[in-house]
Amino acid sequence: MSAVTPSEQPVAAARAPAQHLTERARGERRLAALLVGPAAIVMIAVTAYPIIDAVILSLQRSDLRFPGATKFIGLANYGHVLSAPAWWQDVLHTVIITVITVAIQFVLGMLLALAMHRTVFARGALRAIALVPYGIVAVVAAYSWQYAFALNSGWIPKLLGLTGDPLSHQFGTYVAIIITEVWKNTPFMALLLLAGLALVPDELHEAAKVDGATTWQRFTRITVPLMKPAILVALLFRTLDAFRIFDTIYIFNQGAQGTESISMLNYSTLLNRLNLGLGSAVSVLLFLLVALIAFVFIKGFGAGAAPGGAK
Amino acid sequence: MTNVTSIEGVSRRETDRVRRAAIALIAGMLAALLAGCGASSKGPPTLSWYVFPEPSGSFATAAKNCSAASGGKYRININLLSTASDQQRVSLVRRLAAKDSSIDILAMDVDWTAEFATAKWIRPWSGPLKAQVTNGLLAGPIATATWQGQLFAAPINSNTQLLWYRKDLVPNPPRTWDQMITDAIALAKQGKPHYIEEQGSQYEGLVVWFNSLVDSAGGQIVTGNNQVVLGPSAKTAASIMQRLATSVAADPSLNTDQEDQARTGFEAGKAAFEINYPFVWPAAAKAGIQGKMGYALFPTVTPGSAPRVSIGGYNLAVSSYSKHPQLAFQAIACLTQATNQVRDAIKGGLAPVTASIYDQPSIAKQYPFHALLKTQIEHYGIRPKTAAYADVSLAIQKALSPTSSIRPGTVVSTLRGEIKKALSSGALI
């Protein structure tokens, strides 16, 4: 009695019934483990096994065309990748495309979300129409835009009165790829931002209007700060996706004209050259870069934090 | 008290009923599954032939006829691959590396032989069947199907590029590349159609162009034992490509043109010359310009010498993991015989590999340029034969694309470095 302080008493009291419940709680936990177990095991097998396999392969010299020459070579593959100009060029291409497409998508997505939020007529129809580009199959969209930009078959060179082929030059190809990506993915961004917009209470806007704030001031001082969690989530998702861009570039020109991305390099090394060791090293590096982006967003910008500004 | 057991609120009779129904359902599904698995096909063994989709159906006819002619020994079933050669290779190598036994016969592009043979994915030929499939063949196709002294595949068709030109604009076709570019520039000055349609996109066709020029200049890219031997011929070849790409003779979309875009560019009437495969001839008839179209030998590099054009085409090989290799060898011997080659040529536009076929009247009627084809396939050029060919091709493509940015002074050393890296297959390209 003397040893039990007032603060320990509630704990002791809680522990006594906890001892009592432990039998049943243990039984329930076992049942939970048995029920969730198969699904968890399958998920771990399907996701963890290939990742671990890729890491192991990246430490070997492994080429499907020379099956007898497989041997452990440590980090040599990573040395090859990180010292290759092709790798750094592709990182540069990927970063450029990611930054530009996400920035444009953010601005246009915000405008689209505001329009979808404020429209007074044909709400459902407007939202459905806005989502159409996102619903179109990526390959079909890429082909359509490629034909649109091609010199002989496309309407864009005719519209702009171009004599040269935009797709035969690096700058023109970048513009075409960026436009295709923005067209395809802005609706997704707009959807995520619309969800965030719905959380901004109208009373704040009305109060600000009464106080004489302009539309821009209301947008920057009320809407954006309150939308911050949704904005960060939208940017995080889009950046992760844009960094791994593959379909559009593959359909346009398989990475020619200096547009090859990291994913394309990965595909080319693994499936074209059948160099499993080198390709797995590229895969692991891509995985680490994507994880880095996610880390920067979550820890640095606070994406996924609770609404209310908790960092 | 009612009979309440394990599940609250449900009587034992009902749980029994549910349990029985569940067992019956699962048993029924298992039975259906096992029946599907266990069903063995009766009749002759099926040989799976993995081949690109041949549009005219001539290959399908060949498969049907050979199955019938086998007298019940085998049945050939066609499995379609992609139309693009790169995609066909990707589909095949995945399965072969996994030792898939469902492939019996595979149609290989001519530059895959070294790679597939080194990886031991295809079987070498020997004995009377080997003599049968190589009897009377032109030199080029045999060279593409041979690796380190052994025959690894039976050629089924070949292909080579010719010079096509506008007869109304060009009275005498040029004999060399430099002459052709000069002629085109002269036509441009007169305001007439003047493009030279070539394939300058970053893909295998670019390697064909470069390799044809190097071989025509008397040089080589890689020797038999993986030595890079680029010399002055490579510099000449690269200079010609750069000269064409930076002159007014270049189509504005040269950097993205492949065979089909070159064809449509010529048919649109903006070009005076075209370097392309013979498929453009029947297509020109459809487009209504065959009357204005002339044909000539591929332009050479050194005046007075004969060109060496990198030949294309397909060879049929037997997979090492096939369950019926002997039957597959016999089936291929039937699929590649002369009657099938003639029909492939007439209906499908696929150049034959047997020399005597070129002189048959039906072929001569369909292909007025048959003598040119035969000459170029006999006096052939060939792309580097190495197990790492995919890497070498990628290295050359990247080094030479876009063709307008080629620096003739440094391109040879760049190429040498890149190809060496590719041959070691340890570097990122």
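Visitor: How many salt bridges does the count come to over all chains?
Guide: The count comes to 18 salt bridges over all chains, where a salt bridge is a side-chain nitrogen of Lys or Arg within 4 Å of a carboxyl oxygen of Asp or Glu. This is a predicted model, in which local features need pLDDT of at least 70 and side-chain atom pairs count only at pLDDT 80 or more, while totals for chains, interfaces and linings use all residues. Residues are numbered from 1 along each chain as its sequence is written, chains are lettered from A and ligands numbered from 1 in the order in which they are written, and side-chain values use heavy atoms, with hydrogens and water left out.

Visitor: Okay, which side chain meets Arg65(A) in a salt bridge?
Guide: Arg65(A) pairs with Asp391(B), with an N to O distance of 3.0 Å. The pair joins two chains, because Arg65(A) lies in the loop between β1 (60-61) and β2 (71-72) of chain A, whereas Asp391(B) belongs to helix α16 (residues 389-400) of chain B. Helices (H or I, at least four residues) and strands (E, at least two) are DSSP runs, numbered from the N terminus.

Visitor: Is Asp391(B) buried or exposed?
Guide: Asp391(B) is buried, with a relative accessible area of 0%, and Arg65(A) is likewise buried at 0%. Buried means under 20% relative accessible area, exposed over 50%, and partly exposed in between (1.4 Å probe, protein chains only).

Visitor: What else does Asp391(B) form a salt bridge with?
Guide: Asp391(B) also forms a salt bridge with Arg273(A), the closest N and O atoms being 3.0 Å apart. That pair crosses between chains too, running from helix α16 of chain B to the loop between α11 (262-272) and α12 (276-301) of chain A, where Arg273(A) sits. Both Asp391(B) and Arg273(A) are buried.

Visitor: And which residue pairs with Asp359(B)?
Guide: The side chain of Asp359(B) meets that of Lys374(B) in a salt bridge, 3.4 Å from N to O. This pair links distant parts of the chain, 15 residues apart, with Asp359(B) in the loop between α13 and α14 (361-366) of chain B and Lys374(B) in helix α15 (residues 370-378) of chain B. Asp359(B) counts as exposed at 52% relative accessibility, whereas Lys374(B), at 26%, counts as partly exposed.

Visitor: Which residues do shared partners join into one network?
Guide: Salt bridges with shared partners join Asp63(A), Arg65(A), Arg273(A) and Asp391(B) into one network.

Visitor: What about buried charges without a partner, say Lys184(A): how far is the nearest opposite charge?
Guide: Lys184(A), in helix α7 (residues 170-197) of chain A, is buried yet has no salt bridge, and the nearest side chain of opposite charge, Glu181(A), is 7.9 Å away. Here Lys and Arg count as positive and Asp and Glu as negative, while His and the chain ends are not counted. Leaving aside neighbours within four places in sequence, Lys184(A) is in contact (heavy atoms within 4.5 Å) with residues including Pro133(A), Tyr134(A) and Ile136(A).

Visitor: And how far from Asp344(B) is the nearest opposite charge?
Guide: Asp344(B), placed in helix α13 (residues 338-348) of chain B, is also buried without a salt bridge, and Arg343(B), the nearest side chain of opposite charge, is 4.2 Å away. Beyond four places in sequence, the contacts of Asp344(B) are Ser58(B), Phe59(B), Ile156(B), Gly349(B) and Leu350(B).

Visitor: Switching topic: which residues of helix α10 of chain B are buried?
Guide: In α10 (residues 259-267) of chain B, the buried residues are Ala262(B), Arg263(B), Gly265(B) and Phe266(B). These residues are on the same side of α10(B), because they cover an arc of only 160° around the axis, the arc being that of the directions from the helix axis to the C-beta atoms.

Visitor: What do they pack against?
Guide: The buried residues of α10(B) pack against β7 (162-166), β8 (195-197), β9 (271-276), α11 (280-287) and β10 (293-296) of chain B. After α10(B) comes Gly269(B), whose phi is positive, near 90°.

Visitor: Last one: how many helices and strands does chain B have?
Guide: Chain B has 17 helices and eleven strands, and buried residues make up 52% of its 429 residues. Its C-alpha trace spans about 105 × 50 × 50 Å along the principal axes.
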